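Sequence and structure come first.

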Amino acid sequence: MNKLLYIYILLVITPSLLIAQNNVVVPDRSDKTIWQDFTYDMGNVFKAAGYTYTRPLHWQGDDFLKLGGVAASTYGLYLVDDNIRREFLNHKKDVPNVLLNYGWYAGSPQNNYGFTGAVYLTGLFSKNPKLRRTGVLLISAATTTGFLQQLTKSAVGRARPGSDLGKNHFRPFGGSAKYRSFPSGHGVLTFTNAHVIAKQFENIWIKAGIYAVGIVPGASRIYADAHWASDVFLSWATSFFVVEAIDIYLDRKYDEKYNNKKPLKTSLSLTFNGNLIGAVYTF
């Protein structure tokens, strides 16, 4: 488990830790057709994924300390996964069904891509550069994180809590759905969307509301006994860092930017106190 966890974080979680925003001349595309814009955007979706996956090759300085922080937080949750599962199940009846149902439907891949696709196509056909750029970021981040979490689920083969096999049971490439707990696909996709959308706003209360909505699906999967808390937290961390990496990459390709007003000084950390678990996003 420890080696698999480290490899996963090494390859995915921290690809953006050392990314610096460079002064790059963005090509003028004001005279392009919708088809030309579409092909340009889809090319950037896949290039952004490749860019993100190769970021560990360029780590410097304290990047490995940040890697250690993510790994330590995930491992800390892994140690108390059973306790957290017990508390969530004991209080499941107190959670409104509407939240549990929302968590399932919002995190389903078909619904997620329906949302991201609608945002992108609206921006494309309305010639709205900000909305179009947001759609590209949504699609590229979802594609990058979605592919990785599917690959990792199969390779790690961690048993879901509902299988009653325990948090330490692994069957790499087990094939069965009950061995696809690590990480949470619902948590990855919905927090990816939340982070992308929240980046568009400066008001801290609006951001907080968006993130609150974004963590519901991941938390609902713990209540559903489908994922461990460590699965969900690592999913959120994956989304956070991948979005940051891709956003900086897309700054080189589009005039619309979300990082040009101030240096990137954001962080994601874990809090755990008794029966409470939380993720703290600082911006």
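The model is predicted. Ser230 belongs to helix α10.

What does the side chain of Ser230 make polar contacts with? Two partners are listed here, Asp81 and Arg158.

| Side-chain pair | Polar contact distance |
|---|---|
| Ser230 and Asp81 | 2.6 Å |
| Ser230 and Arg158 | 2.9 Å |

Both partners return in the wider contact list. Setting aside neighbours within four places in sequence, Ser230 touches Thr74, Leu77, Tyr78, Asp81 and Arg158.

Now the helix itself. Two packed helices are described by the angle between their axes and the distance between the axes. Helix α10 spans residues 229-250, and helix α9 spans residues 204-223. Their axes come within 9 Å. They cross at roughly 160°. Angles over 145 degrees count as roughly antiparallel, so α9 and α10 are roughly antiparallel to each other. The crossing is right-handed.

Which residues form the contact between α9 and α10? From α9 come Ile215, Gly218, Ala219 and Ile222. From α10 come Ala229, Val232 and Trp236. By class, the contact has six nonpolar residues, one polar and no charged.

Conventions: Residues numbered from 1 in each chain as written. Predicted model: local features only at pLDDT ≥ 70, side-chain atom pairs only at ≥ 80, totals over all residues. Heavy atoms only, no water. Axes fitted to C-alpha atoms, helices over the stretch in contact; angles between N-to-C directions. Helix = DSSP H or I, 4+ residues; strand = E, 2+ residues; numbered from the N terminus. Parallel < 35°, antiparallel > 145°, perpendicular 65-115°, else oblique. Left-handed = near helix turned anticlockwise from the far one by under 90°. Contact = heavy atoms within 4.5 Å. Nonpolar A, V, L, I, M, F, W, Y, C, P; charged D, E, K, R; others polar. Polar contact = N/O pair within 3.5 Å; in protein donor to acceptor, adjacent residues only side chain to side chain.
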